[in-house]
Amino acid sequence: MPELPEVEALAEFLRERAVGRAVLGVDVVAFQALKTVDPPVSALGGVTVTGVTRHGKFLDIDCDGVHFITHLARGGWLRWRDDLTGAKPVRPGKGPLAVRVRLSPGDDGQAPGFELTEAGTQKRLAVYVVRDPAEVPGIAGLGPDPLSEEFTPEVLKGIVDGNRTQIKGLLRDQKVIAGIGNAYSDEVLHVAKMSPFKIAATLTDEQVAGLHEAIVTTLRDAVGRARGLAAKDLKAEKKSGLRVHGRTGEKCDVCGDTIREVSFADSSLQYCPTCQTGGKPLADRRLSKLLK
Ligand SMILES: [Zn+2]
C-alpha cells in the first residue's frame with residue numbers, strides 16, 4: 001500500500017506532468033471505486049489541472065476548484081501513460097484498470113494521462129469528485145500531518161498521554177496521525193527501538209521525543225528517496241529502503257539479529273527482537289492459538 005512518502009512522490013510526479021493540461025475525459029471502469037455523485041465526473045471535462053497535493057494517503061488533483069481525489073488502498077497504484085492517443089476504449093472487466101484520466105496534448109502532440117489500477121480481489125480503491133477536499137470523510141477526520149510544522153513533540157505527547165492502545169496501532173490510525181500505514185509504522189518503531197506492543201500512555205517524555213524524531217526522519221528519508229522517481233519505480237524503491245518491514249528471517253542491519261514477525265488475520269508486522277524488545281520474541285497470537 002502506498003503510504004505518505006509514495007503518495008507525496010506521486011503528487012510531485014503528477015504536478016510536474018499534469019498541471020496546466022486540461023482533462024479530456026475521465027473513464028470510470030470500476031464503478032464501485034467512485035464514491036461520490038455530485039459533482040458528476042463529467043464536470044471535470046475540459047477543466048485545467050491547477051494543482052496536485054496530498055492529504056495523508058489521499059492524492060488530490062485540483063481541477064480549478066473541482067477535486068479529483070483518490071485513496072489507492074492496499075492494492076491500488078497510479079500508472080502514468082505518456083500517450084493515450086489511440087488507446088483502446090476501456091470496458092468494465094476483470095482487469096486491474098479502475099479509472100483512466102485522459103489529459104490534453106502538449107506541443108509534441110502526445111496526449112498523456114494516468115490510470116488508477118488495483119490488483120487483487122478486494123476492491124478498496126476509492127475515487128471522490130468533490131468541490132472541497134473536506135467533503136471526503138477520510139480527509140475531514142485526518143490527524144496532523146507528520147511532516148507539517150504543527151506536528152511537534154508536544155503534539156505527539158498530547159496524543160500518547162492517557163492513550164491505552166498499543167503504539168503500533170496508534171501510529172497507523174489516520175485520525176491520530178495522517179499518512180503512516182503498516183510498513184512505515186514498523187520502520188518508525190525499529191528506528192525508535194520500541195516494541196510495537198508498547199502501550200502509548202506508558203511512554204516517558206524521552207521516549208516520546210525519540211519516537212517523534214523517528215517518525216519525522218523515517219518519513220523524510222523515504223520522501224527523499226522517492227522524490228523524482230517515476231511512478232512505476234516507486235514500489236521497488238519503497239521495498240528496497242525498508243529496514244524491517246517485509247524482511248522476516250533476514251538479518252537486522254543494525255544488530256545482526258534475525259527479523260521476526262507477528263501475524264494477524266489480514267496483516268503482519270515485523271520487528272527486531274534485539275533492537276526493540278530486549279531480545280525477547282513477541283508472542284505470535286495466530287501461532288499460540290494453533291498450539292492450544
Ligand atoms: Zn536489530
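What spacing do the donors of the zinc ion follow along the chain? In this predicted model, the spacing is C-x2-C-x16-C-x2-C. The views below start at that site.

**View A. Zinc ion with its protein donors C252, C255, C272 and C275.** Each of these cysteines is listed with its SG atom as donor, and the donors lie 2.2 to 2.3 Å from the zinc ion. The arrangement is tetrahedral because the 4 donor atoms subtend angles of 97 to 114° around the zinc ion.

**View B. C255 and C272 in their loops.** C255 belongs to the loop between α7 (234–241) and β9 (260–263), while C272 belongs to the loop between β10 (268–271) and α8 (273–276). The pair therefore ties together parts that are 17 residues apart in sequence. C255 has a relative accessibility of 36% and so counts as partly exposed. C272 is buried, its relative accessible area being 0%.

**View C. The largest nonpolar core, with 37 residues.** F68, F114 and L116 are the members that touch the most other members. Two or more residues come from each of α1 (4–18), β1 (23–28), β3 (58–63), β4 (66–71), β5 (76–81), β6 (97–103), β7 (113–118) and β8 (126–130). The largest share, 7 residues, is supplied by α1.

**View D. Surroundings of L116.** Setting aside neighbours within four places in sequence, the residues in contact with L116 are F68, T70, L72, W77, L78, P96, L97, A98, V99, L125 and V127. One of these, F68, is listed together with L116 among the core residues that touch the most other members.

**View E. A second, separate core of 29 residues.** Its members include V176, I177, A192 and L242.

**View F. Cis peptide bond from D38 to P39.** Omega for this bond is near 0°. P39 sits in the loop between β1 and β2 (51–55).

**View G. D64, a residue other than glycine with positive phi.** The phi value of D64 is near 50°. D64 is placed in the loop between β3 and β4. With a relative accessibility of 59%, D64 counts as exposed, because the cut-off for that class is over 50%.

**View H. K193, also a residue other than glycine with positive phi.** For K193, phi is near 55°. The loop that holds K193 runs between α5 (182–191) and α6 (205–226).

Terms used. Residues numbered from 1 in each chain as written. Predicted model: local features only at pLDDT ≥ 70, side-chain atom pairs only at ≥ 80, totals over all residues. Heavy atoms only, no water. Core = buried A, V, L, I, M, F, W, Y, C linked by side-chain atoms within 4.5 Å. Buried < 20%, exposed > 50% of the residue type's maximum accessible area, 1.4 Å probe, protein only. Helix = DSSP H or I, 4+ residues; strand = E, 2+ residues; numbered from the N terminus. Contact = heavy atoms within 4.5 Å. Donors = N, O, S within 2.8 Å, 3.2 Å for Na, K, Ca; no water. Tetrahedral: all angles 85-135°; square planar, octahedral: opposite > 155°, others 65-115°.
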